[in-house]
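Subject: The structure we talked about

Hi there,

Here is the structure I promised to send over. Please have a look at it first, and then read on for what I found in it.

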Amino acid sequence: MSSIIHLRDLHYTYPDGREALRGLSLDVQRHESVALLGPNGAGKSTVLLHLNGLLQGRGEIEVCGLPVRKGNFHVLRQKVGLAFQNPEDQLFMPTVLEDVAFGPMNAGLEQGEVLERCHRALESVGLVGFEERPTHGLSLGEKKRVALATVLVMDCEVLALDEPTSGLDPRGKGEIFTLLQSLPVTRLIATHHLDLAAALCDRCVILDEGRVVAHGESSLVLEDHALLRKHGLLPP
Ligand SMILES: Nc1ncnc2c1ncn2[C@@H]1O[C@H](COP(=O)(O)OP(=O)(O)OP(=O)(O)O)[C@@H](O)[C@H]1O
Ligand SMILES: [Mg+2]
């Protein structure tokens, strides 16, 4: 079976010279749910930003069978839903509904379909009734949920989620777990929440200093406390 996400020897250096990815290789199979773990600065967000071409490093990178390069960006952005770590980077319209509707409107869907999808997406993140609220006036956890709704509304094949549960209260976190568990799509989730990895992910990949340093079945990786401690995922 060919991978739906295929990264081979990926290198990326930010314009200020910081080398964030140093030969990273990773494969994710269709419908797999994979946790991307690693300490602050390991390169998790940088990897996710490569999946639909927002960042372009050096190396082999294919998603949904397409090389991630300029001519494919339009198609890839319909197939790969990327939820940023910071919801402020995702939300830019005056109201919640306008933010959630932006993607499907842009994709040319007709208004009835757009509204129906928006309702479904807002319902799934527990924000029905928030449609007319100004996005900038929401709490961090509410913004995180709206940002997730802007991704879910696109019905993508691949979800790349950067810290989807950070800033959520325990109930909200539980609701997002249940929601993500129920989605029949491929998921690559950067997180510091090991309980999320245990509950939602078949496999864990640990990054450190821009490379994959360990990977394996979640149950095995998560019980290797020495490994987790070594890479800052458990307190010393
Ligand atoms: N815009 C940027 N300009 C320069 N360096 C950056 C930029 N964004 C990230 N970096 C650097 O690249 C490296 C990887 O950062 P990245 O944000 O991918 O880490 P991360 O694993 O997502 O960390 P965190 O757990 O804190 O979210 C870090 O050394 C970081 O300082
Ligand atoms: Mg990050």
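Which residue in β8 stands opposite valine 34? Leucine 188 does. Before I say more about that pair, please keep in mind that this is a predicted model.

**The overall picture**

The protein has 9 helices and 10 strands. Its radius of gyration is 17 Å, which agrees with the value near 18 Å that a compact globule of 236 residues would have. Along the principal axes, the C-alpha trace spans about 50 × 40 × 40 Å. Of the 236 residues, 52% count as buried. If you look at contacts with a separation of 6 or more, 62% of them are accounted for by residues 24 or more positions apart.

As for the surface, the accessible area comes to about 11200 Å², and carbon and sulfur atoms hold 51% of that. There are 23 positive and 31 negative side chains, and the centres of these two sets lie 5 Å apart.

β3 has parallel partners in β8 and β9. It is joined to β8 (residues 186-190) by 4 bridges, with the two strands running parallel. Another 4 bridges join β3 to β9 (residues 203-208), again in parallel.

Is β7 buried or exposed? With 5 of the 5 residues in 158-162 buried, β7 is largely enclosed by the rest of the structure. Both of its faces are covered: Val158, Ala160 and Asp162 are buried on one side, and Leu159 and Leu161 are buried on the other.

**The antiparallel sheet**

There is also an open sheet of 4 strands with antiparallel pairing, in the order β2-β1-β4-β5. Its edge strands are β2 (19-28) and β5 (66-67), each of which pairs on one side only.

Within this sheet, β1 (residues 5-13) and β2 pair over 7 bridges in the antiparallel sense. To find your way along the pairing, look for histidine 6 opposite aspartate 27 in β2, and then for histidine 11 opposite arginine 22 in β2. The hairpin of β1 and β2 has 5 residues between the strands, and glycine 17 there takes a positive phi near 100°.

**Proline 87 and helix α3**

Now for the stretch that follows β6. Proline 87 lies in the loop between β6 (80-83) and α3 (96-106). Its relative accessible area is 3%, and a residue counts as buried under 20%, so proline 87 is buried. What does proline 87 touch, leaving aside its neighbours within four places in sequence? It is in contact with Leu140, Lys143, Lys144 and Ala147. Proline 87 and glycine 103 are 16 residues apart in sequence, and their C-alpha atoms are 15 Å apart in space.

Glycine 103 is one of the buried residues of α3, along with Val96, Asp99, Val100, Ala101 and Pro104. An α-helix has 3.6 residues a turn, so residues three or four places apart point the same way. The cover over the buried residues of α3 includes α4 (111-124) and α5 (140-152). After α3 comes glycine 108, with a positive phi near 85°.

Happy browsing, and do write back with any questions!

Best wishes

Terms used
Residues numbered from 1 in each chain as written. Chains lettered and ligands numbered in written order. Predicted model: local features only at pLDDT ≥ 70, side-chain atom pairs only at ≥ 80, totals over all residues. Heavy atoms only, no water. Rg over C-alpha atoms; globule rule 2.2 N^0.38 Å. Buried < 20%, exposed > 50% of the residue type's maximum accessible area, 1.4 Å probe, protein only. Contact = heavy atoms within 4.5 Å. Areas by Shrake-Rupley, 256 points an atom, 1.4 Å probe, with all protein chains shown as cover. Lys, Arg positive; Asp, Glu negative; His and termini not counted. Charge placed at Lys NZ, Arg CZ, Asp CG, Glu CD. Pairing = 2+ DSSP bridges.
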